[in-house]
Each structure stands twice: as structure tokens, then as C-alpha cells.
Amino acid sequence: MAAEHLAQVNIATLRAPLDGPELAGFVAELEPINALADASPGFVWRLQTEDGDATAIRPYDDDRIMVNLSVWESFETLRGFVYSTRHLEVMGHRRAWFSRMADPFLALWWVPAGTIPTVAEARRRLELLARQGPGPDAFTFRAPFPRSARR
Amino acid sequence: MDAVPTDRDLVAIGLLQDPVRRALYGHVVATGAEVSRNQAAEAVGVARSLAAFHLDKLVEAGLLEVSFRRLGERRGPGAGRPAKLYRRAAGEVAATFPPRTYETAAHLLAETVEQAGADLELQAAARRAGSEAGRGVRPGPPGPDPSIEQVLAARGYEPYADGDALRLRNCPFAGLSAEFPVLVCAMNLRLIEGLLEGIGDAPGRAVLDPARGRCCVAVL
């Protein structure tokens, strides 16, 4: 097994309350899509509360911002889940549920296998990406960095 | 892709003028898998040696790619030489006169739509465009409406039956969808929904069913 796993964070600003009609479609997809992630090749870990998802975690001053944090065995397995499963179709609705964000809303970075990133760490990676653009310590799907580039 | 067609592009296109070569290329593409010289020769109705000659020309031109694999069950000594197998090459061949670079424009526009968060506007425009194009290919009474398979084939999607589903071997937006999958695949879904609607079929038949190596939309 590879000595480093891929961590990913993405944040999203809700357009309306989670329990309202506007977000009903998103809420209905939470359980099946999380189950799909859990069963996907390369899945290692995802942030969740006892509800089974991370929607209750609101780490920003703006409490409409939700966070999604997970760890995968490789770039390819994460990319496969995000873009080559039903997750893709669900993401097609993102603008009906979430407001556009001016700053980066997704960051990827390598973590030693067996370690779990914290939400505070994930925030730092997003800030790093906003400040410096894609680099070995915070990158994106469109501008990835290999494991060895970290050192 | 260069704006000015390269010699390589022009040679590749020139090669396809030969009807035997075009038939061989068409057979390999339609199979969607690796094809042996024997299979190709049989499908097109030419001698194996002639098929081999033309297939190798297509490889030289970058239209096909080759791999070697033993087809039989036998391994080790006595299993014979591995067969030369042909499949469609991953790259693209294109030439426009005068030179046009829509690819560059498409990437810039997609980048802007993504930055602006205008996914839903793009999806609505795609639905309208598909619907209009669909209506445009209806012959009007008394002619029969074209099937979605015919419409998608004419637009380069290369549809094929997979059980009850119609899947699409070619993504006409491959370069763009690799870079902006969420944006472009949702756009493509709406476009095909629109085409269905335009020809009087049910838009709900189009679904996203992503997989590597083919278009992410299927028609159920």
C-alpha cells in the first residue's frame, strides 16, 4: 500500500436551509451517495457525525458553509468516484443548492497513510490554495501534484 | 491542437479516401474493442494480407493503435505468436480551412461559466439547443420521425445497444469534458434530453451513467 493517501476537502454555501424544499433534492441524495463513497474502491475515511454525514459541521463564521472532508488511497480512486459514478449527476445540480464561491472550494493534499486530517487543517489547505494557487501542499483535480513532489 | 493542420493530420485524412481503408477503420471503430487482422478482413470482405497492409497504414497515420496479445487459451511454447490487434487511437485528427481553433474558445468559455457559477444557465441553453436541433431533423408528416439512435449517430456519438440501453461510444466533447466534467456532462445530458424532446420522444430517457472510455450519457 502507498505510504501516502490523498485528502480532499470541499466547502459549499447553502442557498437555503437544509430542511427546506429547495434543498430536498440534496438531502435525499446524502445517504445513497455517502453509501456509494463508502463502498467505492480506494475509499479510506470521511468526516461524519452520528447522523452519518457532515452536514451538521459548520466550521466557518458564515454558518451556511458546509464542509466535506475525506481520505482516499489515490488520486485516481477519488477522481473515479467523483466523476465516474452517480455522484457526477448529483453534482450537476450544485448551482440549484449552493451559491457560487469566489475563493477555492476544493483542495487536495497528500497525508501519511493512517492519519486523518482535521477540519482546521482542511481550512488551512483551502487558504493556502487561495493564496498561492495549486502547489504540492494544496492542489486541485485540474492541477494535480504527485506524491513525490511533496518533499 | 494546432490551428494550422499538420502534415500528419492531412495524411491521416487523405488515407481515409480509400474505400477499403475507410471500411476497415469504420469496422474497428464500430467494434469498440481490439480487432485482429482476420476479423477485420472478414468483416470488410478483403484478403487478410490486404487488410493487414491497410490496417498498418492506418496505424502509421495515427488513426489506429496496436497491441499484441495471444488470442488462444494456450500459453508457453507452442502457443504461437501473439496476434496483432487494432483499436482506435486515443488522439484526434482534425483539419479546418481556413484554420479555426474552437477548442481554445470552448475552454475559455467553459472556464468562465465555471467561474461565474452559471451551470444552470448553460444547462437551460443546452436543452433549448437540443430541442431545436431535434425539431429540425423531423421530416414532418407523413415522414416517420427519426429515432434517437439515428439522431445521435448523425451527431457523432456512435450509439450502440447494450441490453435495453443505448450507450454512446464517443464523447463529442471529450477534451472539454475531461477538464470540466460536471459542467460539460450535465450540459451534454440536457442537450440529449432536448434532442429527445425535439423528435417527439421522452426526454426522461436520457440519464447520466458515467464510465471511462465512453460518453457519460445513456438513453434508456
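The model is predicted. Chain B has 220 residues, of which 31% count as buried, and its secondary structure comes to nine helices and seven strands.

**Chain B overall**
- Taken along the principal axes, the C-alpha atoms of chain B fill a box of roughly 60 × 40 × 40 Å.
- Of the contacts in chain B between residues at least 6 apart in sequence, 60% join residues at least 24 apart.

**Contact between the chains**
- Chain B gives 14 residues to the contact and chain A gives 12 residues.
- On the side of chain B that touches chain A, the elements giving two or more residues are helix 6 (119–136) and helix 9 (181–198) of chain B.
- Helix 9 of chain B supplies five residues, the largest share of that side.
- By class, the side of chain B that touches chain A holds 10 nonpolar, one polar and three charged residues.

**Helix 1 of chain A**
- Helix 1 of chain A runs over residues 24–39, and its 16 residues should span 22 Å at 1.5 Å a residue; the end C-alpha atoms are 24 Å apart, which agrees.
- This helix has a kink of about 40° at Leu30(A), shortly before the proline Pro32(A).

**Helices 2 and 4 of chain B**
- The axes of helix 2 (residues 19–31) of chain B and helix 4 (residues 48–60) of chain B come within 10 Å and cross at roughly 75°.
- Angles of 65 to 115 degrees count as roughly perpendicular, and helix 2 of chain B and helix 4 of chain B are therefore roughly perpendicular to each other.
- Helix 2 of chain B makes this contact through Val20(B), Arg21(B), Leu24(B) and Tyr25(B), while helix 4 of chain B uses Ala51(B), His54(B), Leu55(B), Lys57(B) and Leu58(B).
- The residues of this contact divide into six nonpolar, one polar and two charged.
- An α-helix has 3.6 residues a turn, so residues three or four places apart point the same way.

**Ala218(B)**
- Ala218(B) lies in strand 7 (residues 217–219) of chain B.
- Ala218(B) counts as buried because 21 C-beta neighbours lie inside 10 Å, the cut-off being 20 or more.
- Leaving aside residues up to four places away in sequence, Ala218(B) touches Ala165(B), Leu166(B), Arg167(B), Val207(B) and Asp209(B).
- Gly143(B) is 75 residues from Ala218(B) in sequence and 26 Å away in space, C-alpha to C-alpha.

Conventions. Residues numbered from 1 in each chain as written. Chains lettered and ligands numbered in written order. Predicted model: local features only at pLDDT ≥ 70, side-chain atom pairs only at ≥ 80, totals over all residues. Helix = DSSP H or I, 4+ residues; strand = E, 2+ residues; numbered from the N terminus. Expected span 1.5 Å × (residues − 1). Bend = angle between axes of the 7 residues up to and from the residue. Buried ≥ 20, exposed ≤ 12 C-beta atoms within 10 Å, placed from the backbone. Contact = placed C-beta atoms within 7 Å. Nonpolar A, V, L, I, M, F, W, Y, C, P; charged D, E, K, R; others polar. Axes fitted to C-alpha atoms, helices over the stretch in contact; angles between N-to-C directions. Parallel < 35°, antiparallel > 145°, perpendicular 65-115°, else oblique.
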